Amino acid sequence: MHYDLLPATGGYTDIAIGDLVTEAGVTIPEVSLRLHAFYTATEGDADYAEFSAGPLPGTDLRQRPIILVEHALTGNGNVVDWWEDMVGEGKPIDTNRYLVLCANVLGGCDGSTGPSSPHPDGKAWGSRFPGLSIRDMVTAEKKMLEVLGITQVHAIIGASMGGARTLEWTLMYPDTVLAALPIAVSARASAWQIGIQSTQIRFIEADPHWQGGDYYGTGLTPSEGMGQARRIAHLTYRGELEIDERFGTDPQVGENPLGPYRSPDQRFAVESYLDLHAERLKKRFDPGTYAVLTDALNRHDVGRGRNGMNAALGSSQVPTMVVGVDTDILYPLHQQEHLSRNLGDFIGLSKITSPTGHDGFLIESRQMGQILVKFLGKVEQLSAKPVE
């Protein structure tokens, strides 16, 4: 491995991976991915053995097993920001023990090549940026690992869109992956998922500032359309019971949605909540990226070109543990149960019990942490087995 190419812990670097040909046959020249890395020195904590699987590898970074974390749709490579309870010193994915890598996905807007990036002609890619599949994203990450000289990772862990990439890793490059943990995802996009996700894209494209996708550099951004998309998406990320318990039919403080005339500034409390999340995303995310990555989720299907999804799952020889959330509306638990029945090397199904829905993997830290410790313990056992 070329350790000199890694960023300092907690930092990032841009890894140039050359040209990439998409699954649909379009060449994207001079692609780069923004890679974040996390690792700390170990001191041999006496209490470590109580929650760690296996012996400490020592302080030499070259002895560290590599964990590749795959972020979700609007996440990024800074995994300690959005999964702070899971990754870090003494945490379930322990940076005392592991070298943790997380890259902003191909098509992203946090440093990796995407529609907001410069085209070779100097202008933004915009509408010229090709449609991506989940497989294209994995191809880019594999090329990144090759540049780094990494031939095998200890485990790949990802949720939602990251879970889709995790599944594709096990089918596309099984020799690179010792074990995998896909969380809150399915073998393919369902018609319902495609419908709800396509509707979000339509809102962005209907924004008058979309300009056919070529709004970059015009001073106008289709942020209102993305805000509407986020409102829809966020309802699928949370549980119906949780939302109703938190807000019910309460009005927003100081507003009256029951007045004689309907007014957009007289809201129910849940409307204010959705507005807040829409505004937050508008400040940090690119609408063009949102459309490209959402479309990639619509294209997700492990069975495409592999004789169907059950045959594809059955062909997997990478030990895979699956996680679902019992109240998930976006990726219902039955989809993870389907994975568990069909994976060729299935090593367990864990269920997060929570009223919070799809976001349970982010919110239920105690349960998610226990699952990660269990999974990494299984991986340690697998890595300790002699080669037959």
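These legends go with several close-up views of one predicted protein model.

Residues are numbered from 1 along each chain as its sequence is written. In this predicted model, local features need pLDDT of at least 70 and side-chain atom pairs count only at pLDDT 80 or more, while totals for chains, interfaces and linings use all residues, and side-chain values use heavy atoms, with hydrogens and water left out.

View 1. Helices (H or I, at least four residues) and strands (E, at least two) are DSSP runs, numbered from the N terminus. The C-alpha trace spans about 75 × 50 × 45 Å along its principal axes. Of the 388 residues, 55% count as buried. Buried means under 20% relative accessible area, exposed over 50%, and partly exposed in between (1.4 Å probe, protein chains only).

**View 2. Eight strands form an open sheet with mixed pairing.** Their order is β1-β2-β6-β3-β7-β8-β9-β10. Two strands pair if DSSP finds at least two bridges between them. β1 (12–21) and β10 (346–352) stand at the edges with a single partner strand each, so one side of each has no neighbour in the sheet. From one strand to the next, the twist averages 20 degrees.

**View 3. β1 and β2 run antiparallel.** Eight bridges join β1 to β2 (residues 27–38). V21 has T27 in β2 as its bridge partner. Helix α2 (residues 134–148) lies across β1, β2, β3 (66–70) and β6 (99–103), at about 120 degrees to β1. Axes are lines fitted to C-alpha atoms, for helices over the stretch in contact (heavy atoms within 4.5 Å). Angles run from 0 to 180 degrees between N-to-C directions.

**View 4. β6 is largely enclosed by the rest of the structure, because five of its five residues are buried.** In a regular strand the side chains alternate between the two faces of the sheet. L99, L101 and A103 point one way from β6, V100 and C102 the other way. β2 and β6 run antiparallel, joined by four bridges. Here L35 has A103 as its bridge partner. β3 and β6 pair in the parallel sense over three bridges. I67 has V100 in β6 as its bridge partner.

**View 5. β9 is mostly covered, with six of its six residues buried.** T320, V322 and G324 lie on one side, and M321, V323 and V325 on the other. β8 and β9 pair in the parallel sense over two bridges. I183 stands opposite V323 in β9. Six bridges join β9 to β10, and these strands run parallel. M321 stands opposite G348 in β10.

**View 6. β9, helix α10 (residues 333–342) and β10 make a right-handed β-α-β unit.** Right-handed means that, with the strands pointing away from the viewer, the path from the first strand over the helix to the second runs clockwise. In α10, the buried residues include L333, H338 and L339. The buried residues of α10 pack against α3, α4 (191–206), α9 (309–315), β9 and β10.
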